[in-house]
Amino acid sequence: MRAGIQSISKGQPAAASALGLTYAQSMRYVVLPQAFRNMLPVLLTQTIVLFQDTSLVYVLSIPDFLGAASKVAQRDGRLVEMYLFAALVYFVISCVASFGVRRLQSRIAIVR
């Protein structure tokens, strides 16, 4: 968050101040919208990484999607099929989310 705000040039808050905006107004109307635009792809990528790391929760014995797949696999005796299904679901969701982030990043990219 801090890096996104610091990525805005010093001239932006100075220009807002020159227009008579208070510090809070300049942050709200000038700095934060630009900073959010810079931070959005990184935040979404971190969300995807966090989603991919949820499979690690299974190692800690906390039930999640992979844990539920494991229980069904053990109950039905179809370990390979259920683990492949869980891997496919994680893969599809991660790929769709990554594609969405790349598309969003290209749409909000600032040409400099």
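Residues 82-101 first. Over that stretch the chain is 100% helix and 0% strand, and its end C-alpha atoms are 28 Å apart. Helices here are DSSP runs of H or I, at least four residues, and strands are runs of E, at least two, numbered from the N terminus. UniProt, in an unreviewed entry, lists "transmembrane region" at residues 42-62 and 82-101. Its positions follow the numbering used here, feature names are shortened, and annotations may be inferred rather than shown by experiment.

A word on the model. It is predicted, so local features need pLDDT of at least 70 and side-chain atom pairs count only at pLDDT 80 or more, while totals for chains, interfaces and linings use all residues. Numbering runs from 1 along each chain as its sequence is written, and side-chain values use heavy atoms, with hydrogens and water left out.

Next, Val 80. Val 80 sits in helix α5, residues 79-108. Its C-alpha atom is 9.9 Å from that of Ser 70, ten residues apart along the chain.

Now the largest pocket. A pocket is an open set of points on a 1 Å grid over the protein atoms alone, where a 1.4 Å probe fits, with protein on both sides within 12 Å along at least five of seven lines; lining residues have an atom within 4 Å of a point. Which residues lie nearest its centre? Ile 5, Pro 13, Tyr 23, Met 27 and Val 31, out of 14 lining residues. α1 (2-6), α2 (11-18) and α3 (23-53) each supply at least two of the lining residues. The largest share, four residues, comes from α3.
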